[in-house]
Structures are given as C-alpha cells and as structure tokens.
Amino acid sequence: MEGCKITFDGSRLLVGDEPVIPFIEGDGVGPDIWAAARPVFDAAVKKAYGGRRRVVWKEIYAGEKAMAMFGTALPDETIAALREYIVGIKGPLTTPVGGGIRSLNVALRQILDLFACIRPVRYYAGTPAPVKRPDLVDITVFRENTEDLYAGIEWKEGTKEASRVIAFLKDEMGVSLREDSGIGIKPISKTGTRRLVRMAIQYALERGKKTVTLVHKGNIMKFTEGAFRDWGYELAREEFGDVTVTEEELSTRYGGRLPDGKILVNDRIADSMFQQVLLRPAEYDVLAVPNLIGDFISDALAAQVGGLGMAPGANIGIPYAVFEATHGTAPKYAGQDKINPGSLILSGAMMFDYLGWTEAGALIRSGLERTIEDKLVTYDLERQMEGATLVSCSGFASAIVERM
Ligand code: NAP
C-alpha cells in the first residue's frame, strides 16, 4: 500500500503529505455515515492543498463486521494497525447492555490508553436547538477516559467475587453492605487526573481560551472526585502557575478582571455545572471532567446546540488518537442513507486540525455551516426546522462538498 506513516518524535506528530489513516466503518448506521463522510474528507483535502496532499485510507475492522469476518469483535490486527499508524477514525460500535462483549469503545480507549475524550461543542447557525441562545455555547469538554466507574471493575450480584468483596468490606473495613448488592469500583488517580488537566490547559493556551473549569462531585465523593479537583489545581499551579489564576486570586489580586494572556482555572460541582451551562454558557470555555460525569455533560451540551447528530469527538492519548462519531449505531436507521452524518464529518474536521491540516478542517466546517444555512438537512433537523428541504445522509454530504 502507498502512503506514509504518521510518526511521533516524543513530543509531536510528524505528518507527511500522504498519511495512511485507518478507519473503522462501525455497526448499524456506521457504513451510511462513513460512505457519506469520506468523500467530504477527500474533497476538503483536495480543495485545500490541490494534489499536494491526500489521505490514504485503510480499512480496519471491529464490531459486527469483524465478528463476521474473523470471529472476534476486536481483532489484534485492528489494535496493531492503530498503533502502527497512530491516528484513526471510527463510526459507532454496538455495545450490548448488561452482558455479552464488553464495550469495544471502552476497550479501545483502555488498550491504547486514549485518556482524554475531547468533545468540542459549538453552535452552527440555523440548527434547531431547544434553548434560546445556543450561539453562546462554545465549550470543549475534556472527559477522563480510562478511570472512574468506567474502568469496568465490577462484580455481579450473587457471585463468589461480589460476596468476597462484601465480606472483606465487612470484616476488614467495618463497612456493611446488603448481601444482594452488585459491586462497582470507582478509581480516580493522581496520574490520570494530572495528565487530563494538563492536556486541557495546554489546549486552552494554544487556542486563546480564557477558562478551564474542573467539574466534579467532590462534596460527596471526597477522595475520588474531590481529589480530582485538588490534583487539578495542584497541576495548574505547579506546571502553569505563570499563566493561570484561580477564582480567589482573580478577586483578591486582579480586581475581578482576568489579565491578558492568563487563564482562569476554577471548579464547579457537577449539579451546579449542569445549570451553569444552561444559564451562563458564555462564561465557560474548557471543562476537565472525570469519566462518568463527563459522559453526561458531553451529551447534555450536544443536545443544547441541536443534538448528537452534530457533535464531534476524539479519544486522545500520547501518542495515539481515534476520532469518532459520538452517537450510537441507531440500528433502526441502518442502511437507509437517512441518518445525519454531521458528527463523523465534524470529527474528521477535528482530525485534520489535529494533524495540522487546519485549512481542510476549516473548509469542512464552513461547508457544513452553509449547508445548514441553506436549510438542506437530514430528517432529524428537518423535522424541527421551518421551510427546510429534506436530504439523505449522502445528499447532506454532497451539499457540504458543493459549499466548501
Ligand atoms: P443512538 O444509536 O445514538 O441512537 C439513539 C437515537 O438518537 C436515534 O434513534 C436517533 O433518534 C438519534 N440519533 C443518533 N445518531 C443520530 C444521527 N447521526 N443523526 C440523527 N439522529 C441520530 O443510541 P442508542 O440507541 O442508545 O445506542 C445504540 C447502540 O449504539 C448501542 O449498542 C450503544 O451501546 C451504541 N453506542 C455506541 C457509541 C460509540 O460507538 N461511540 C456511542 C453511543 C452508543 P430518533 O430516533 O429520534 O431520530
């Protein structure tokens, strides 16, 4: 196969003009949105760089397609390819509830140590949204991706393991639990917190953002979520002390005005934060959040600007990165060329930014913005918009290409 490998020199990615990028189509509507998105990616690169740059796409397999072809939902070759080529992109994968295979998405994040789930949420003019001022939302969520209740350390009610843990807690720790409890463990580490908050602050600095907010439920879960807050502040002070100020310093030292070039690092308890993003979204730029609460707030914010169909996302570690549609497999729409491909398309734009191909990313976003302004939209948006024209999944993608 032609193309070159993206490499990592220990501090940054080195991207040639023809990088090989592996993709996973995904289950359910995955093939629909991939078939729509790929021509948008290729057209953006072509338009931005003429023939000088192109992506060499390489299909790799996970989920139902992998199961049918190789008898396993996550073949070793898939992980090996993501390690070899460093940056990949994927559609949604089915996760059975309460049994069967464990989440493939969670497995990928853990195996490749993709410790930050990054979700930039902003409003595209004309998108139907449930709030009065969706345009005030421009918030990027950094959700910790490998720890917390998502670490998958749990035991089913009635099993030998659950009984042993319950007995240990009773005998050794003086904690008494109902015998018929299922058990889950919530680990949050200093290491995991510091690297997430570091990435969030670096992102804010690179993009001229003004605030980084540590979101947590530390008033109740003091040694996990509370520690997340404390370690976050500690990291900010130790590694970014010259460019960050706390809320207290803002009022005592700076009279409430953030000095130029500085970032405000503050914290909010999760329940209050859910109100803040609805009532005062303009005051927040970047959120650093433990895994479970990060999951909730990412989707809530996406809904605020018009829904999951339009929300991009990336799972990023050092050095690996996997960009992905943030919605699920929406199985009832599979194969109908109907679903909104916006999430995967915008994830691709994010990927190009990450590779330093920002012109291609910008073209995709402007094409999408104009398509929505022209009211050419898929069913999910069309049913909420006055005077809109319904287009298919692939029709939406073609309209974006025409408007780049
Ligand atoms: P879902 O697949 O996201 O779909 C739920 C509903 O959201 C759809 O019925 C549709 O609503 C709307 N929707 C989702 N994607 C859309 C799009 N691109 N355009 C327009 N509308 C969209 O959620 P689910 O039914 O809870 O999950 C199905 C499967 O996906 C599960 O196995 C789940 O574990 C998995 N999942 C995977 C990922 C991932 O791979 N990252 C993420 C989440 C869920 P309407 O019917 O109202 O139109």
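A polar contact is a pair of N or O atoms within 3.5 Å; within protein, one must be able to donate a hydrogen and the other to accept it, and residues adjacent in sequence count only if both atoms are side-chain atoms. The model is predicted, with local features requiring pLDDT of at least 70 and side-chain atom pairs pLDDT 80 or more, whereas totals for chains, interfaces and linings use all residues. Residues are numbered from 1 along each chain as its sequence is written, and side-chain values use heavy atoms, without hydrogens and water.

**The ligand.** Select the ligand and then Gly328, where a backbone N or O atom lies 2.7 Å from an oxygen atom of the ligand. Next, display Tyr379: a polar side-chain atom of this residue is 2.6 Å from a ligand oxygen atom. At His327, a polar side-chain atom lies 3.2 Å from a nitrogen atom of the ligand. The ligand alone exposes 870 Å², of which the protein buries 68% (Shrake-Rupley areas, 1.4 Å probe).

Now extend the selection to the 20 residues surrounding the ligand (a heavy atom within 4 Å). The closest are Leu93, Gly328, Ala330, Asn340 and Tyr379. This shell comprises 6 nonpolar, 9 polar and 5 charged residues (nonpolar: Ala, Val, Leu, Ile, Met, Phe, Trp, Tyr, Cys and Pro; charged: Asp, Glu, Lys and Arg; polar: the others, Gly among them).

**A helix pair.** Select helix H1 (residues 30–49) and helix H11 (residues 342–355), which pack at an angle of about 35° with axes 9 Å apart. Helices are DSSP runs of H or I with at least four residues, and strands are E runs of at least two, numbered from the N terminus. Axes are lines fitted to C-alpha atoms over the stretch in contact, and angles run from 0 to 180 degrees between N-to-C directions. Show Ile33, Trp34, Ala37, Val40, Phe41 and Val45 of H1 with Leu344, Ile345, Gly348 and Phe352 of H11, which make the contact (heavy atoms within 4.5 Å). By class, this contact has 9 nonpolar, 1 polar and no charged residues.

**Two backbone details.** Move to Pro319, in the loop between strands E14 (312–316) and E15 (321–325). A cis peptide bond, with omega about 5°, joins Ile318 to Pro319. Finally, select Ile86, whose phi is positive, near 75°.
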